[in-house]
Amino acid sequence: MRSPLATRRALFSRRGIIQGAAERLLAGTAVMLGAATLAFAALQLVPGDTVAVLLGPTTTASPEIRQQIRTEFGFDQPVPVRYARYVGNLLHGDLGSSYQLQQPVSKLINDQIWPTVQLTVAAVAVAVVIAVVSAVVTAGRRPALRATATAWELVALSTPPHWLGIMLLTVFSFQLRIFPVAGAQSLSSLVLPAVTLALSVAGVLGQVLREGLEAALEQPFVVTARSRGLSQSAVRLRHAFRHAATPLLTLAGWLTGTLLGGTVVIETVFSRPGIGSLTMQAVTSRDLPVVLGVVLLSAFAVVLIFTVVDLLHLVIDPRLRTTEAAL
Amino acid sequence: MTAVGSVVPLGAGAVPSARRRRRGRPALVVAAVVLLLVTVVAIAPGLFTDASPTDTDPVNALAAPGGSHWFGTDQIGRDVFTRILYGARTSLLLGLGAIALAVGGGTLLGLTAALGGRVADLVLMRLADILIAMPPVLLALLVIAVLGAGTTNTVLAIAAALIPVYGRLVRAEAMVVRRSGYVEAAVGLGLRRGLLVARHVLPNALGPVLVLATVGFGTALIYASALSFLGLGTRPPAPEWGLMLSEGRDFLQTAWWIGVFPGAAIAVTVIAVNVAGRYAQAHFAGRTTR
């Protein structure tokens, strides 16, 4: 999704690691400033008078009170001033106030973030384990085994998560009564949501990983390792896997985005508290500051991970570190 | 698509695939049959059933799947099988509309970026960077929060979430085509700019993008059903697969069939779309000028 390996290599080889890192950080900051600008524009776009939205449809507030609110929220200021204030507030972690819940958006998110973080981390773990096992076991093996793995991955990434969640609930919660139907109190209530969120991601990761492994297994260094007497599985895990893991890392940003979007659906299916259900409430009541807060926070997470991954590539792959002088 | 296919000799560029093609074919045949069937159902659901998707029958409410009701009935006695048949049109049109808008908008943006000079390229691609950093589902939800819920807005929201991806794709392809020999030749022959874009750049840049859009159609179907499932798309009592799935969610304990079958319809359709899309990708791989 981002700059291909070749351009990145050129970047780092020509200007060195520090400059490359600085450029990545600058680019990330620029993207976040752009996202904040878009968010500000979206706030101006909301149809109708914001004060009327704030007061609700049944209000009988006098014009004086309306004017007071306008001054309090700074709606009477010119656009550039409001924009500067908005960006300044964002830098201090102030995401504005909810129209409906009369609370700061940052507080609302802070109150709800833990169940979502648990869910996301658990889903990443499940997805990576499934993908690694599926790829390492089947890469370059018999055609029948590969075909089976390819088929299951295709089914996994094609299955709508909301349907999978309903299926798992039906079987494991209502019929077999192994896991709780709703909530986020216990560890067992995390199992079904995490698996549901992880499966489609595991399908994509498994495919990428197996393609990477199969490409790596054809490299000369694999023959060398085999000729040194290493077992097939040792070659796979110790040598080929390290090569195949690099594109996996590149996918991490995409993975974060998918999972953060997926939590909205999963938390609704399993009636879990969290950022997803907060977002749903806000979308239904058209509480734009809350939705924007969640979108900005997610974009920040994605940009942060893209940047970290780009820097990590330098650590994992020594070839990216070589300067032209060394070549 | 047919125009693209007719230019390409069968199996072009797919050297190692003699074995793969033999193995891939049964899946492709099944997928094609499923897609054909779903399309016919979407066009003329009345061919397959005499029942009405909205007629209620309280006496037979929550009937289990069986002889008279293949997929059972829902909480007010509507036949689930009939509703799935009649829901096909809405569900498919939501996905199709979204992907068509996304590819159309993406083509416009991508061509403008590739051919409109450095400033346009810089501005549009940085904009794409910003939008791609936002998770697509959240971006779609943001659009709905601004525009309000509803069927049309669902299509717009999903398209908006996918446009930056296709914009980048079209731009990349157009950049390659622009530097190709035949475009240079056409420029040398003094072809007008509009004609050049319409006759040479667009058809050649769009082929690979359309192939990828097949898989994108599957994604759009999932997003659309998810938004309907969340109660933001189609309004009841219209039959739509995502909406039916969400209605079934309240009856999982007593009547699992209300939600399970419509969801299965989505899953089967998306799997068929993706199998076909994968085949198209493998078939047209190597055709790109890259």
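Guide: Happy to. Let's start with chain B, which has 10 helices and zero strands; helices (H or I, at least four residues) and strands (E, at least two) are DSSP runs, numbered from the N terminus. This is a predicted model, in which local features need pLDDT of at least 70 and side-chain atom pairs count only at pLDDT 80 or more, while totals for chains, interfaces and linings use all residues. Residues are numbered from 1 along each chain as its sequence is written, chains are lettered from A and ligands numbered from 1 in the order in which they are written, and side-chain values use heavy atoms, with hydrogens and water left out.

Of the 290 residues of chain B, 50% count as buried. Here buried means under 20% relative accessible area, exposed means over 50%, and partly exposed lies in between (1.4 Å probe, protein chains only). Contact means heavy atoms within 4.5 Å, and among contacts in chain B between residues at least 6 apart in sequence, 72% join residues at least 24 apart.

Now to the part you asked about. A salt bridge is a side-chain nitrogen of Lys or Arg within 4 Å of a carboxyl oxygen of Asp or Glu, and the structure holds nine of them over all chains. One of them pairs Glu247(B) with Arg78(B), at 4.0 Å from N to O. This pair links distant parts of the chain: Glu247(B) sits in helix α9 (residues 241-248) of chain B, Arg78(B) sits in the loop between α2 (17-43) and α3 (80-115), and 169 residues separate them. Both partners are buried: Glu247(B) has a relative accessible area of 16%, and Arg78(B) has 5%. They also belong to a network of salt bridges that links Asp74(B), Arg78(B), Arg83(B) and Glu247(B).

Other salt bridges stay within one helix. Arg126(B) and Asp129(B) have their closest N and O atoms 2.8 Å apart. Because they are three residues apart in helix α4 (residues 118-132) of chain B, about one helical turn separates them. Arg126(B) is partly exposed at 43% relative accessibility, whereas Asp129(B) is buried at 9%.

Chain A has such a pair too: the side chains of Lys107(A) and Asp111(A) meet at 2.9 Å, N to O. They are four residues apart in helix α5 (residues 105-138) of chain A, so about one helical turn lies between them. Lys107(A) is partly exposed at 40% relative accessibility, and Asp111(A) is partly exposed at 46%.

What is the count of salt bridges between chain A and chain B? It is zero. The count of residue pairs in polar contact there is 10, with both residues at pLDDT 80 or more. A polar contact is a pair of N or O atoms within 3.5 Å; within protein, one must be able to donate a hydrogen and the other to accept it, and residues adjacent in sequence count only if both atoms are side-chain atoms.

By class, the side of chain A that touches chain B has 32 nonpolar, 13 polar and three charged residues. Ala, Val, Leu, Ile, Met, Phe, Trp, Tyr, Cys and Pro count as nonpolar, Asp, Glu, Lys and Arg as charged, and the others, Gly among them, as polar.
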